[in-house]
Amino acid sequence: MSGEQDNPLGPPPWLNAPPVDAYPYEDTHDLRVGPDLHPSLLGLLPFVGLWRGRGQGGFPAEEDYNFAQEIRISHDGRDFLRYESRAWLLDDESQPLGQALTESGFWRPVLVDGRPGDEMEATMIRPDGVAELYLGKAATTRLEMGTDAVAYTPSGLHVTGGHRLFGIVDAALLYAHEISIDNSKLTPHMSARLLRIGG
């Protein structure tokens, strides 16, 4: 094992530095508190919030299933939104049956000459070894996007394509998510209706 004398530059400056305080920047899903929303995100403003509701899943599962879901779409004042989702299975009495899909990602508008248009980009990652890059368009209370690239780990689910449609309808967040596995066509995967519970 090499010692400090083997490093001609000496020890790194952080080696004996004092501890730092907690992360000093706030993110929020509530537009009434925290940092101001970045001007480029005004077109995505209706989606910012904490949402909870229920939906139905299917492909690639063998049978359809019911689930509950919580989605948090937040910002920290910079020019992107953070997307966090966690879902859990429900039994026939709407009681929790087990954890389901969790994913996180980022949405950001595409700037043209420094100004946001209706085009956007998104990244999504899941713990089952799948990472997706999406391109799409946002128009008022509707957001539609399809995969531009998908990667999966050797043991991951072989997702090869995806399509997502989000909309705000009667103050609720509705979405439909389709995926393709290997050489399959795009097939309904999950859909839900979520109510705003925060923001």
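Asp113 is exposed, because its relative accessibility is 78%; here buried means under 20% relative accessible area, exposed over 50% and partly exposed in between, with a 1.4 Å probe and protein chains only. This residue sits in the loop between strand 4 and strand 5 (115-126), and has a positive phi of about 55 degrees although it is not a glycine. Asp170 is another residue to look at: its phi is near 50 degrees, a positive value in a residue other than glycine. Asp170 lies in the loop between strand 8 and strand 9 (172-181) and is exposed, with a relative accessible area of 73%.

A word on what you are looking at: this is a predicted model, in which local features need pLDDT of at least 70 and side-chain atom pairs count only at pLDDT 80 or more, while totals for chains, interfaces and linings use all residues. Residues are numbered from 1 along each chain as its sequence is written, and side-chain values use heavy atoms, with hydrogens and water left out.

## The barrel

Now for the fold. 10 strands close into a barrel in the order 1-2-3-4-5-6-7-8-9-10, with antiparallel pairing. The twist from one strand to the next averages 25 degrees; such angles run from 0 to 180 degrees between N-to-C directions, and the axes are lines fitted to C-alpha atoms. Strands are DSSP runs (E, at least two residues), numbered from the N terminus, and two strands pair if DSSP finds at least two bridges between them. In general, strands of a sheet pair through backbone hydrogen bonds, either parallel or antiparallel.

Within it, Ala139 stands opposite Arg142 of strand 7.

## Around His189

The UniProt annotation "binding site", from an unreviewed entry, covers His189. UniProt positions are given in the numbering used here, feature names are shortened, and annotations may be inferred rather than shown by experiment. His189 is part of strand 10 (residues 187-198) and counts as buried because its relative accessibility is 6%.

Which residues touch His189, leaving aside its neighbours within four places in sequence? Its contacts (heavy atoms within 4.5 Å) are Gln56, Gly57, Gly58, Phe59, Pro60, Tyr65, Leu101, Arg126, His177, Glu178 and Ile179. Two of these names, Phe59 and Pro60, are joined by a cis peptide bond with omega near 5 degrees. Pro60 is in the loop between strand 1 (49-57) and strand 2.

## Aromatic pairs

The whole structure holds 8 aromatic pairs. Rings of Phe, Tyr and Trp (its six-membered ring) pair if their centres lie within 6.5 Å; planes under 30 degrees apart count as stacked, over 60 as edge-to-face and the rest as tilted. Tyr83 and Trp107 are stacked, because their ring centres are 5.4 Å apart and their planes meet at 20 degrees. Tyr83 belongs to strand 3 (residues 81-90) and Trp107 to strand 4 (residues 96-112), so the pair ties together parts that are 24 residues apart in sequence. Tyr83 is buried at 2% relative accessibility, and Trp107 is buried at 0%.

Tyr83 also forms an edge-to-face pair with Phe166, at 6.2 Å centre to centre and 75 degrees between the planes. This pair links distant parts of the chain, with Tyr83 in strand 3 and Phe166 in strand 8 (residues 159-169), 83 residues apart. Phe166 is buried as well, at 2% relative accessibility. Ring pairs link Phe47, Tyr83, Trp107, Phe166 and Tyr175 into a cluster.

## Salt bridges

How many salt bridges does the structure hold? There are 12, each being a side-chain nitrogen of Lys or Arg within 4 Å of a carboxyl oxygen of Asp or Glu. The table lists some of them.

| Residue | Partner | N to O distance |
|---|---|---|
| Glu70 | Arg86 | 3.0 Å |
| Arg72 | Glu84 | 3.4 Å |
| Arg126 | Asp128 | 2.8 Å |

The Glu70 and Arg86 pair links strand 2 (residues 65-74) with strand 3, 16 residues apart. Glu70 is buried, with a relative accessible area of 13%. Glu84 is partly exposed at 31%, and Asp27, Arg72, Arg82 and Glu84 are linked in a network of salt bridges. Arg126, a contact of His189, is buried at 5% relative accessibility, whereas its salt-bridge partner Asp128 is partly exposed at 29%.

Definitions and conventions:
Helix = DSSP H or I, 4+ residues; strand = E, 2+ residues; numbered from the N terminus.
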